[in-house]
Amino acid sequence: MRLILEGNGASRGMALGRARLEQPSRFLVDETPLEQAEVDAEVQRIDEALATARGELKALRDKLEGPLAREVAEFIDAHSLILEDPVFIHGLHELIRTGRYHASAALKMQRESLVAVFEAMDDPYLRSRREDIEHVIGRVQGALSRESSVEERKIASRVGEILVSDTVAPSELVPLAEHGVLGFVLTAGSTLSHSAILARSLRLPMVVGSHDALSHLQDGDLLLIDGDEGRIIVHPTAQDLAGYRHWQREVVQQDKRRARLRDADTRTRDGVPVQLYANAEMSGDVAQARAYGAAGIGLYRTEFLFLQRKDAPGEEEQFLAYRDLVLGMGGLPVTIRTLDLGADKVDSAGLVLQDEPNPALGVRGVRLSLRTPQLMHTQLRAILRTTSYGPVRILVPMVSATEEMITVRRMVTECAMQLRSEGHPIADSFEIGAMIEVPAAAIALPSMIRKLDFVSIGTNDLVQYTLAVDRNNNELGALYDPLHPAVLRLLAHIIAVCKRARRPVTLCGEIAGDVHFTAMLIALGLTEFSMHPGLLLEVREAVNAIDAEAVRKVAPVLLRASGRESIRKVVERMRAQSRPIVENTDLVSIPP
Ligand code: PEP
Ligand code: MG
């Protein structure tokens, strides 16, 4: 019978396929106590299973190629580290030797105690790292159970399947996609997880947080998943399937239409030029940015270089990563953001303060960099060294006071002098800008702007701090509202201040890539957007359909509106005023 399960959309698109259930609890756990005489053999079994799991990871790593290889390799290395951890291995041996547990039960106990430690953590990023433990232990359990049963998780038969699981490891995503998995339904996980980010890059639909999925579904159930709506239809009806076919036709049409936009100018229907930049955090994003005609990189999040490793990258390593980015963009401008660790992006190198009572309001972004000047120097030197390879701008996150920018500028000058005296070829001058994402910086922008060469609006954080709504807390749902009148007024204010002071202003939060907001942002005067590169063509198409003059006339109505409903109506009206310049009659002939 048809059933609908709800979750959160983590990667867009639809997929129709057979359910394939993967649950750690599916592995047989032998709870009976061991005889003393069996202990040594059981220790040997667990050691062999650990070795098999390590071997599998190594084989996976050796096979990696393509644009995402480096990132996936990092995840695999993190998992390999857990498998080699002496404390982890010793704990298993102890449970078998002293507790007389079978290997499978010892693994289950280790999993439960480690997961409990992670779940007790306040920090959402660290909590999401419990997934790593689940994946690693699931792999060892798999190796143990394969000893006795025939290979049950044969990857070769994945064609046409939708994986239903508690979580999926980033390292598993690429091989699963290569073997025909069409999409993912996860009972846990968050839209911010690395798996979700990778699924988006791979264009595989993913629904996370569908708590009931494993208990309601069976292997082989036909599923229609919708990564936009965060919905799973089990046993879809003929009408659902017709809706799916309609969606497929639309995608084909859209792709054809958008393919023509790759090299097109981005202009509104009435000719206002708009710049679309790409956000990047992985090397693959650069290739996509180039392929879809980005005007440059509007935001490079350097903290991804610092995650999943034991020590911070040194100057040379950072320099090479930034230089490759600049070279990859072939002369287009690149905006490199200094480290924004803290709160939701905790490193494992120990740079972020532990036990902060309120990390989102704590030592994050530029505050962390200024507390650890050596770290900032290293990063600034690495960035400045790339300025002889192409146009590079320096962007500073989480700025709340002008003094922070004055200090950063002084540090940039010091580093530049040092580098010149060491004979490094660097540019003569540098553009330094601030992320405006803290309400204080937005409100005080008229006095701060003189210290800024450019501005980048970080709406992901600006919304969270303006509305006092944690951006990672799914429970607060609709309260996280980029259309709140307070947010709209701040946006209008920031854009107006920048225009008056003749400073370029880009918006690089998630709403920059969401076409529901494009007309509204153009109405507020924005002409520079930075987004995930996969969204560039969609936004370009939306921009081309907008009449800037017409929507700008409606802006005062938008800023006067107070209720959620009336604001939505005005935004919808702006969207409705947009229509494509040319109807492509040749594209509507695709058979139904
Ligand atoms: C933002 O806050 O809008 C932003 C782009 O930065 P991040 O998501 O990395 O905090
Ligand atoms: Mg931010």
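## Strand E11 and its partners

In this predicted model, strand E11 and strand E12 (residues 392-396) run parallel and are paired through four bridges. Within this pairing, Thr335 is placed opposite Arg393 of E12. E11 is also joined in parallel to strand E10 (residues 297-301), here by three bridges, and Tyr300 stands opposite Ile336 of E11.

Strand E11 spans residues 334-337 and is covered on both faces. Val334 and Ile336 are buried on one side, and Thr335 and Arg337 are buried on the other. In a regular strand, side chains alternate between the two faces of the sheet.

## Annotated binding-site residues

An unreviewed UniProt entry lists Arg301, Arg337, Asn460, Asp461 and Arg471 under "binding site". Of these residues, Arg301, Arg337, Asn460, Asp461 and Arg471 are included in the lining of the largest cavity. Arg337 is also one of the buried residues of strand E11.

## Asp461 and Arg471

Asp461 belongs to helix H18, which covers residues 459-467. Its relative accessibility is 2%, so Asp461 counts as buried, the cut-off being under 20%. Apart from neighbours within four places in sequence, Asp461 is in contact with Arg364, Glu437 and Arg471.

Arg471, a contact of Asp461, is located in the loop between H18 and helix H19 (485-500).

Notes
Residues are numbered from 1 along each chain as its sequence is written. Chains are lettered from A and ligands numbered from 1 in the order in which they are written. This is a predicted model: local features need pLDDT of at least 70, side-chain atom pairs count only at pLDDT 80 or more; totals for chains, interfaces and linings use all residues. Side-chain values use heavy atoms; hydrogens and water are left out. Buried means under 20% relative accessible area, exposed over 50%, partly exposed in between (1.4 Å probe, protein chains only). Helices (H or I, at least four residues) and strands (E, at least two) are DSSP runs, numbered from the N terminus. Two strands pair if DSSP finds at least two bridges between them. UniProt positions are given in the numbering used here, feature names are shortened, and annotations may be inferred rather than shown by experiment. On a 1 Å grid over the protein atoms alone, a cavity is a set of points where a 1.4 Å probe fits but cannot get out, and a pocket is an open set with protein on both sides within 12 Å along at least five of seven lines; lining residues have an atom within 4 Å of a point. Contact means heavy atoms within 4.5 Å.
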